[in-house]
Amino acid sequence: MQKSGTIEKILLEFDPEAKNLLLALKKINASFGYISEADAGKVADYFELPLAKVYETASFYDLIETKKTANLEIKVCSGGDCVLGNSAEIIREIENYFRIKAGDEFHPKVRLEKISCLGRCAEGPIVVVNGKAYEKVTKSSIYEILDKYAK
Amino acid sequence: MLNNLKIITEHWGKINPLRIGDYLNVGGYSALGKFVEKMDPQKVLEEVKLSGLTGRGGAGFSTGAKWELVMAQKSKEKYFICNLDESEPGTYKDRMIAENCPQTLLEGIIISALTIGAKKSYIYLNGSYAKAQETLERAIAQAKEHKFLGAKILDSKYSLEIEIFSGAGAYICGEETALINSIEGNRGEPKIRPPYPTEAGLFDKPTVVNNAETIANIPWIIQNGGKKYVKNATKLFVLGGSVKNRGVFEAPIGTTIKKAITELGGGMQKGKEFWFAQVGGASGHLFLKKELNVPMTGSGAILVVDKTANIYDLLLAWTGFFRRESCGKCVPCREGTFRLHEIAERLVDGEIAQRDKEALEDILWTLENTTFCPLGKFAAVAVRDAIDKLGILK
Amino acid sequence: MQIKINNKKYAAKTGETIFQVCMRNGIKVPTLCGSKDSHEGLCRICVVELVETGRGGKDALKCVSTGKLLTSCNTKVYAGLTIITESENISKARRINLELLWADHAGKCATCKKNQICELQKLAQEYKIENFHFVPRRGEMTNSEEQKLLRDNWSRVVVENENPCISRNSEFCVECRRCINICPEHKFGFNHRAGDVVVGTPYEKVLDCSFCGKCVEVCPVAALTDQNDYAKIVENLNDLKKFSVAIIDLGIEEKIQAQLKNITQEKNVEKILIELGFEKIIKFTEKDENKEDEIIEQIKTDYARKEKIDPKNICTFFVSSKIYKKAQKNKYLDYVLSEREVARLVRDKGKIVAGKVKR
């Protein structure tokens, strides 16, 4: 996660017009990992928009988080091609490994999610761990990947 | 391999996409030159109409007709948007265009935008396409240096600004009014039509939204004429699943699904027996073996499924996709896709409770007939076909 | 211009919606999400059926086919538009979409604040929605299925009772967006996406606004209601030792009458309040406009002294739409009752018999 300066610096890259809201949110998310309530307030002030508008827009999109992400974020592509490549088995293996269920928020450190097609079907099944995409994952190779992060 | 003329993929793998010089060496940007020196918007429109070019994103609307509607609008402020959101599962042809030869796309955008009278153009790019963003940004910067973009293009009266708008992860933003809402800084919710974007689109101004692949055909049409395009029109196919060759291929537009699977995809992988093909992504119809002899339709994706596949895993993936991607504003889609997925979760091996069976019929009907936008219809397609053609309900 | 509704021609103006033309001509079209300030075509209840296309020519982009359903609340009229307001398709659309909404609501009416005063319930009764079409009944599920269902439903519910005036519970929300669109301070948003959508405050903050109450006024269901200790109010009204005084604000009587439309025939608000257990009614007049607090204060002081009632046994109720006053309760003002809360009290009391007056 690169920090491109404070949030104020990021906001100044955009003209304070409502149409730049999404672009600004993406940039802030890229720098800080999520849009905190405090930061959302600054965005709202800068663009002269209600806080409710900033939040409803931010919370709509997959690539923008409105709360701090877990230590370990695992996303498994569930497009048709990856499913045919046995992504369902991979998901089960991950669930057993951490004793969690996909979509749950109960584990304090790990979050497993099924995500929509990333458009890399020829290299699938795809598993994204903390933003890094792994290709041609199998139900055995997933262990090597998880072991790297699990400590 | 089909030996047709390659209009879009001509330079793929042969030039360095990061070097505009390579593209210029193979005659790139001559179409733009021709437009500026010898043609005008009306002439371009004639050629595009003559070509019969239709939308390559799946909807298949006449490109010339769409452009004509915007050109007839009186407003001085108009917009041209390249739709590269490409979030339909199994589809990555537009990503390949952007990564392998972004200049073809760029040249197409410039000609198209100037023709319809736009001074600003957006490329709405899938937010996960990091590499494509790099190649496009480079191509735009280099085009500016060569005066193919910006003020006084090639010393003419034309000027154009292009901005890449990177999406934030929402399938619905591939729908043109939702896409427009997204650029405007809002939730990516579809807007009511009419008014259509050609009349009141981005910032309420006349707007053309074209799929990236559609636009990539424009330079060739300008160079060679619309009439010649009619006989040589192509489509990008994305083969996936249990075929020997998975990837993006360019073939004549009338190519049957069967031919695409056997000649482009190379047929089934060894030992795998064909069951059905899903054509058009997660919202695509299912075709049995006897139904493959029809011309290809939709966005270009063909998922070939063999008999070892677990149909219930697929159903879970299809319904799960729409349950996640529904924008959530209208009742039938928000609740319908949610309940549909719930039923798919209960449908582990085909055993279905009578209550679920009745509910399923109602959900599919309401998705097909009462939703705010077509996503509802899309969500029902594969499930409906699976019931009718694959006998998934015991 | 002229449009055709149910085979009759009607005059219409450019920019009008189908719904507006129907309303003007007494043609009944139901709605759930629609209101004066909010009509986004979200609930799909106001659908009408297109019978034939009215225009072609330069609008070649449109390919509208017969039998298509349109939401009348946000579809603009055009010359030659031909629709019908009742048909098999229309009834089916209403039934299924109501059932989908009902799936989250089924079985909750009996204990709900808005029981009998709820727009969703009214539609459900009219269209005979009673079945558990999409959600299994308790008895049909295994224990683990039931747990999962409850957990899934609850994970998306937001309940907030921290602010003094408005009680929020998204369990009942039908996502109509009326509150979002009416709030003058833009406190609410349509948050998240798909089935996870929640109508609420950003970051689920406690609601902090001027509590004008417009959102509570427009909410068709029990998602936004007046905040109060209802049980204590009923206890005080029934307690013969308590002297309950109702101070009726200007203009509230008509509002109470409107709320009670389907609950009682009685129109006399004073009589109703007496039946509920109020011992004294004070009505505001125009000249009392800026002296609310003074007048209310007088009850437990001057009035109590004059009537020789121990102020500790007096319970004051300001009956008013000004629900922001709930945040200003003090030793002189015990409760603020909106027209909706009066309606609730009347509903729960049972039948108000005309002609009977206590004390």
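In the predicted model, strands β7(B) and β8(B) run antiparallel and are joined by four bridges. Within this pairing, B:Phe276 has B:Leu288 of β8(B) as its bridge partner. The two strands form a hairpin with five residues between them, where B:Gly280 adopts a positive phi near 110°. β7(B) is also joined to strand β9 (residues 301–306) of chain B, again in the antiparallel sense, through five bridges. One of the residue pairs here is B:Phe274 with B:Asp306, the latter lying in β9(B).

The domain assignment divides chain B into domain 1 (20–231), domain 2 (233–306) and domain 3 (311–390). The centres of domains 2 and 3 of chain B, taken over C-alpha atoms, are separated by 24 Å. Contact between these two domains involves eight residues of domain 2 and nine residues of domain 3. On the domain 2 side, β7 (274–279) and β8 (285–288) of chain B each contribute at least two residues. β8(B) provides the largest share of that side, namely three residues. By class, the domain 2 side that touches domain 3 of chain B consists of four nonpolar and four polar residues, with no charged residue.

Chain A meets chain B through 28 residues, which are in contact with 39 residues of chain B. Helices α2 (21–32), α4 (51–58) and α5 (80–84) of chain A each supply at least two residues of the side of chain A that touches chain B. The largest share, four residues, comes from α5(A). This side of chain A comprises 14 nonpolar, seven polar and seven charged residues.

Chain A also contains an open sheet of four strands in the order β2-β1-β3-β4, with mixed pairing. Its edge strands, β2 (110–115) and β4 (132–134) of chain A, each pair on one side only. From one strand to the next, the twist averages 20°. Strand β1 (residues 72–77) of chain A pairs with strand β3 (residues 127–129) of chain A in the antiparallel sense, over three bridges. A:Lys75 is positioned opposite A:Val128 of β3(A). Helix α6 (residues 87–98) of chain A lies across β1, β2 and β3 of chain A and runs at about 160° to β1(A).

A further contact of chain A is made with chain C, with eleven residues taken from chain C and eleven residues from chain A. The side of chain C that touches chain A has four nonpolar, five polar and two charged residues.

Chain C itself is divided into domain 1 (2–86), domain 2 (98–140), domain 3 (157–226) and domain 4 (236–349). Over C-alpha atoms, the centres of domain 2 and domain 3 of chain C lie 21 Å apart. Eight residues of domain 2 of chain C are in contact with six residues of domain 3 of chain C. The residues on the domain 2 side of this contact fall into four nonpolar, one polar and three charged.

How values were computed
Residues are numbered from 1 along each chain as its sequence is written. Chains are lettered from A and ligands numbered from 1 in the order in which they are written. This is a predicted model: local features need pLDDT of at least 70, side-chain atom pairs count only at pLDDT 80 or more; totals for chains, interfaces and linings use all residues. Two residues are in contact if their C-beta atoms, placed from the backbone, lie within 7 Å. Ala, Val, Leu, Ile, Met, Phe, Trp, Tyr, Cys and Pro count as nonpolar, Asp, Glu, Lys and Arg as charged, and the others, Gly among them, as polar. Domain bounds come from an automatic or database domain assignment. Two strands pair if DSSP finds at least two bridges between them. Axes are lines fitted to C-alpha atoms, for helices over the stretch in contact, and angles run from 0 to 180 degrees between N-to-C directions.
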